[in-house]
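Here are my notes on the model you sent over. Keep the structure open next to them and click along as you read.

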Amino acid sequence: MAPQRRAATKAPESNGAAERRNRSSTKKDRSPREVQRLWQRPWLRTAGLGASLVLTTLLLWSNLGAEDGVTEVLARRGEVVAGRFIEVPCSEDYDSHRRFEGCTPRKCGRGVTDVVITREEAEQIRSIAEKGLSLGGSDGGASILDLHSGALSVGKHFVNLYRYFGDKIQNIFSEEDFQLYREVRQKVQLTIAEAFGISASSLHLTKPTFFSRINSTEARTAHDEYWHAHVDKVTYGSFDYTSLLYLSDYLEDFGGGRFVFMEEGANKTVEPRAGRVSFFTSGSENLHRVEKVHWGTRYAITIAFSCNPDHGIEDPAFP
């Protein structure tokens, strides 16, 4: 019988090699319980939470900065703008309407000023809006008060303020309220005429000219959906020049609610400030929208002008 071969005896492993192999195996094969114990170490947990917080902050900042694609602030709430005007090429929207030489826009653009209406005047004008809107208000987030036509948001509908409340209106408003309203309108009209190099007498106040009160309440009807981008000349054919007088402050009285000029890849915004007048030509060269209001209440008044005297309206008279 042939002799059987025995397997070669494996040399004993040195203590150093065995220790290195055990450490490597431990790194690869840690159990979830061991990982959890490591995470419970204060310094490691703090570092991990810090990294998560930084990442969350960066993502939040990115989302906020990207809201409406805003890339430039034309007027910040905290600054006082003496007068800022940006000229833009006119659209063809005016060609489909009767033209009025010396008034119909040939120079188009957008402007902002904080030195036409004082903050005290803005506060007084806001009180007119508050008094009128206290009589009603939309079930949704956007309420309207039009002193010219008497239109007032009530629930999901509109009522005629003067017919609905009759003589009681005299207990709400005063002659001084209506006089201040006229004076403010005149100042805005002069500002627009000067900026665009036209005669103030060629501008005719047109409808709708109205107060707006916007909060974060969920929209109930299409009238509450104020945030859609639109062109004033398309929505209201009578508009040639649009203005907004802000009656409350962005980030102090409300969040969101900035006015945004929509431009491809480069939207620009105006941050509301009480007493600030923002004005612009009403064609599609100034496509715009308002951001949704996230908290608080935003007050403003829209004052529009037409070059066509047939579209003119009178200042409201105290009833």
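This is a predicted model: local features need pLDDT of at least 70, side-chain atom pairs count only at pLDDT 80 or more; totals for chains, interfaces and linings use all residues.

1. Is Ser202 buried or exposed? Its relative accessible area is 18%, and since buried means under 20%, Ser202 counts as buried. You'll find Ser202 in the loop between α6 (175-196) and β8.

2. Who does Ser202 touch? Ignoring neighbours within four places in sequence, Ser202 is in contact with Gly102, Cys103, Ser306 and Cys307.

3. Now hop to another loop, the one between α5 (161-165) and α6, where Ile169 is found. Ile169 has a relative accessible area of 0%, so this residue is buried. Set aside the neighbours within four places in sequence, and the contacts of Ile169 are Leu135, Leu161, Tyr162 and Pro319.

4. Take one of those partners, Leu135. How far apart are Ile169 and Leu135 in sequence and in space? They are 34 residues apart along the chain, and their C-alpha atoms are 9.7 Å apart.

5. That pair leads to the chain as a whole. Look at contacts between residues at least 6 apart in sequence: 78% of them join residues at least 24 apart. The chain has 319 residues, and 43% of them count as buried. As for secondary structure, there are 7 helices and 16 strands. The chain exposes about 17,800 Å², with carbon and sulfur atoms supplying 52% of that area.

6. Next, the largest pocket, which holds about 860 Å³ of space. It is lined by 39 residues, and the closest to its centre are Ile144, Phe210, Tyr226, His230 and Tyr236. Several elements give two or more residues to this lining, among them β5 (142-145), β6 (151-155), α7 (232-235) and β16 (298-306). Which element gives the most to the lining? That's β8, with 5 residues.

7. Last point: what kinds of residues line the largest pocket? The lining divides into 16 nonpolar, 16 polar and 7 charged residues.

Definitions and conventions:
Residues are numbered from 1 along each chain as its sequence is written. Side-chain values use heavy atoms; hydrogens and water are left out. On a 1 Å grid over the protein atoms alone, a cavity is a set of points where a 1.4 Å probe fits but cannot get out, and a pocket is an open set with protein on both sides within 12 Å along at least five of seven lines; lining residues have an atom within 4 Å of a point. Grid points are joined across faces, edges and corners, and a volume is the space filled by probe spheres set on the points. Helices (H or I, at least four residues) and strands (E, at least two) are DSSP runs, numbered from the N terminus. Ala, Val, Leu, Ile, Met, Phe, Trp, Tyr, Cys and Pro count as nonpolar, Asp, Glu, Lys and Arg as charged, and the others, Gly among them, as polar. Buried means under 20% relative accessible area, exposed over 50%, partly exposed in between (1.4 Å probe, protein chains only). Contact means heavy atoms within 4.5 Å. Accessible areas come from the Shrake-Rupley method with a 1.4 Å probe; for residues, only the protein chains shown count as cover.
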